[in-house]
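Hi,

Here is the structure I said I would pass on. Have a look at it first, then read my notes below.

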Amino acid sequence: MSDYDVIVIGGGPGGYIAAERLGQAGKKVLLAEKESLGGTCLNVGCIPTKSLLNTAKLYAHARDGEPYGVSAGDVRVDWARAQAWKAEVVSTLVAGVGATEKKAGVEVVKAAATLIGPGAVEVAGRRRSADHVVIATGSVPAMPPIPGAKGNPAVVDSTGLLAIDAIPKRLVVIGGGVIGVEFASLFAALGAQVDVIEMLPEILPFADADIAAKLRRGATGVNFHLQCQVQSVEGNSVVYADAKGRQQRAEADVVLMAVGRRPLVEGWGAAEAGLEHTPKGVAVDDSMRTNLPNVWAVGDVTGRSLLAHAAYRMGEIAAAHIVDPVGAPRQGQLLRANTIPWAVYSIPEAAGVGLTEAQAKDKGLDIVKASIPLAMSGRFVAENGVKGAGVVKLIADRASRAVLGVHVLGPYAPEMIWGAAAILESELTVEDLRQLVFPHPTVSEGIREAAWAIPERASDNQPGANRQAPEL
Ligand SMILES: Cc1cc2nc3c(=O)[nH]c(=O)nc-3n(C[C@H](O)[C@H](O)[C@H](O)COP(=O)(O)OP(=O)(O)OC[C@H]3O[C@@H](n4cnc5c(N)ncnc54)[C@H](O)[C@@H]3O)c2cc1C
């Protein structure tokens, strides 16, 4: 008999949810975490960034409230207090994860674990056996070999920037992905001069290009330099070639290296145990099975999606298959990557799910689309005026009318996108979506109105045909 039903390696969102669900199902579970429960997300990722972004948003609201009838006088940021609040939020949530694991009967060990092979794991120097092993070791920041970056005290990764003890006057961000854009708008809102240097023609390459471009134009105070290749960092100068190949320099007090993250596939026995993997992640099927029997992998380490909510879902899928190997496949407990939403908590916020226009075209799909400015939403205008940055773009299949993609730029976008994911999961059509009732006045009504703005079938002659989207 094994020591445990399941050993989980890594206590981030993927690992702690898998352990919790397994414990709740009556399994004897050991969860090994070498640093802090909650992983990247709770300790140095999703949560501390949102805490500091909230401080920046509160500050900007107070400072810019005059058109809305609020004058707050001399508005100042107490950075030490903001950092203390961030630490309080993180420790509350980390303690919450610990309490939840305890309630689920999970044994948590603060130690590094190494996979020896199927059913065998070394935890804190002791060999333990288990019927199943779940790998959830996450990811780490990618550090490209840019001359002058390594060992330069001005260059930090996201973890370093989160811990900074003063707001930098000049911040240069290398990389226009989610992490780069969130930090750029955070510090721009707090008054820093911010430059983002991005190699590609547009920021947020996974997003619909229209949404990404509008977010870029709406991100007040951030200077974006597109199609620019960083060549070196010389002290506090970032040297880069601009779109025309001319050499330029951007001066910084702090340089954030935000060129992405890489799955943590080394240091815990993957190669030695014969686990199939590449630098892009541990190979898994849609039920999170690896090539080794009863060894599962979930979250960032798989490279399938580097998002916390995707890690949660992967953890739940692995747990479902471990608990009920016959029922789980029948219930369709599989990773459906096309319905995982993404969100950017910048100023303005954005979120999306499903195919972008470019992805639909690459797949050779014949689509219909509509874009609705959020200035049509009563709530949006009340809170932002008509000039605020906001748009909803909806993409559907021309023949079946199935909704293929929903992309939102504007306030509350990350809060509303789950509804769009449910629309895609349920394979609703444009006509189904038009029949759903949304609360008024909400910004989310933009999604419904985008459905009404989708061109009718040429053959259709039904109420609403060619109707202009009304004012909300
Ligand atoms: C700045 C930043 C902001 C982010 N914001 C968001 C956001 O807003 N929304 C979102 O969805 N995602 C966000 N992410 C991404 C999110 O944090 C990750 O997708 C998520 O944490 C992945 O969860 P995971 O469980 O796969 O891995 P992780 O959270 O990385 O956890 C892995 C854990 O495994 C532990 N571990 C590794 N090796 C071992 C070992 N051998 N033994 C024991 N323990 C081990 C590590 O210590 C770590 O705690 C952000 C990331 C960053 C860096």
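Let's start with the overall form: a compact globule of 472 residues would have a radius of gyration near 23 Å, and the protein has 24 Å, which agrees. That radius is taken over C-alpha atoms, and the globule rule is 2.2 Å times the number of residues to the power 0.38.

Before going on, two notes. This is a predicted model, where local features need pLDDT of at least 70, side-chain atom pairs count only at pLDDT 80 or more, and totals for chains, interfaces and linings use all residues. Residues are numbered from 1 along each chain as its sequence is written.

Along its principal axes, the C-alpha trace spans about 65 × 60 × 45 Å. Buried residues (20 or more other C-beta atoms within 10 Å of their own, with C-beta atoms placed from the backbone) make up 47% of the 472 residues.

The protein has 15 helices and 24 strands. These are DSSP runs numbered from the N terminus: helices are H or I with at least four residues, strands are E with at least two.

Five bridges join β13 (residues 237-241) to β14, and Y240 stands opposite Q248 in β14.

Cheers

Methods:
Pairing = 2+ DSSP bridges. Buried ≥ 20, exposed ≤ 12 C-beta atoms within 10 Å, placed from the backbone.
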